[in-house]
Amino acid sequence: MKIRNHEPDTKVELQMTSMIDVVFLLLIFFILTFKIVELEGDFSIRMPLASTDAGQMDDSQLPIKLRLIANEQGQLTSILLNDNNLGTDFDQLRASILGIIGTDAGPVPAGEGPEVEIDTDYNLRYENVVNAITAVSGYKVDGQPVKLIEKIKFAPPRRE
Amino acid sequence: MRVKSEKRELTEADLTPMIDMVFQLIAFFMVLINFTQTEANDHVKLPSSELVKPPEQPIEFPIVLHVGFDGVIYVGGDQYTAETLGTRFRSELAVLRAQGDAGEKEANVIIRAHKDVAAGEVQEIIRVAQEEGLENFALRVKEDLSS
């Protein structure tokens, strides 16, 4: 005689093991591919090759000269703005730039306005150049950037 | 004969809270993941500036240069010095010209230089690029959120 072992309805247990396997795999995948991205931005510099006929330049177009002097180790020793020594203080540089271009000039159209030529010692650490560019190109008031000079160029490199 | 009728009871752990947590973690990482190709290079630690903002739209026709601490220039897996970089610029420009109507006037040279590299190295790169007719440069820096 056949005995049917019909049990009354049992609860169907969900098989958790396989799901947890997959879920952990997913978790590991996402953890490994996770990377904190640092936000980056650019200082745009438009610098065509200097044309040989420099005769058409008048005095008002002459760039503001910013000279950065380094010591042997590449540390900044002095900032010269149009031959005025400003020490190593970038805030003072910003104040001097403000004094040169004036605060009441109003917004200038993009790509207009005075130009700064950065003439740096060869071995100066690049970070100082970026700090100088930051100082001349603007400042932040209550989180809002105020632009000072947008046209920046480099002098020819000084050979070691 | 003795029949063993002892039922070994499997005590099942309650998995619900764990699965809750694991799903939360997965959701967290899924939301934060981004597959955008970051142009990072291990040799480069960028300087930071409070004024820069991430560009709203990607820069067109980029040529990305990574400049390491020692002045070695990394372009797409190859290493160059300022002297040998000119050939790379020429081949990049040839690719740009072949792909579309962009030339050296439209191309953007993105310089990601290490913060302690000699500034002259960056100037040399710009000079070499100028000789190839390139004129748009972007100095990439890290956004400084501390202020």
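How many salt bridges does the count come to over all chains? Over all chains the count comes to 15 salt bridges, a salt bridge being a side-chain nitrogen of Lys or Arg within 4 Å of a carboxyl oxygen of Asp or Glu.

The model is a predicted one, in which local features need pLDDT of at least 70 and side-chain atom pairs count only at pLDDT 80 or more, while totals for chains, interfaces and linings use all residues. Residues are numbered from 1 along each chain as its sequence is written, chains are lettered from A and ligands numbered from 1 in the order in which they are written, and side-chain values use heavy atoms, with hydrogens and water left out.

**Exercise 1. Describe the interface of chain B and chain A.**

Step 1. Begin with the residues: 54 of chain B are in contact with 51 of chain A, where contact means heavy atoms within 4.5 Å.

Step 2. Turn to the area. The two chains bury about 4700 Å² between them, with 63% of it on carbon and sulfur atoms; buried area is the accessible area (1.4 Å probe) that two parts lose on being put together, summed over both. Leu51(B), Gln123(B) and Leu139(B) supply 15% of the area that chain B buries against chain A, more than any other three residues.

Step 3. List the charged pairs. Between chain B and chain A there are 5 salt bridges. In a salt bridge between Arg112(B) and Glu40(A), the N to O distance is 2.8 Å.

Step 4. Classify the residues on the side of chain B that touches chain A: 31 are nonpolar, 9 polar and 14 charged. Here Ala, Val, Leu, Ile, Met, Phe, Trp, Tyr, Cys and Pro count as nonpolar, Asp, Glu, Lys and Arg as charged, and the others, Gly among them, as polar.

**Exercise 2. Find the strand pairing that joins the two chains.**

Step 1. Strand β1 (residues 40-46) of chain A pairs with β6(B) in the antiparallel sense over 7 bridges. Strands (E, at least two residues) and helices (H or I, at least four) are DSSP runs numbered from the N terminus, and two strands pair if DSSP finds at least two bridges between them.

Step 2. Locate one bridge: Glu40(A) has Lys142(B) as its partner in β6(B).

**Exercise 3. Work through the open sheet of chain A.**

Step 1. The sheet has 5 strands in the order β4-β3-β2-β5-β8, with mixed pairing. β4 (84-85) and β8 (151-154) stand at the edges with a single partner strand each, so one side of each is left without a neighbour in the sheet.

Step 2. Within chain A, β2 (residues 64-70) and β3 (residues 76-81) pair in the antiparallel sense over 5 bridges. Leu66(A) has Leu81(A) as its bridge partner in β3(A).
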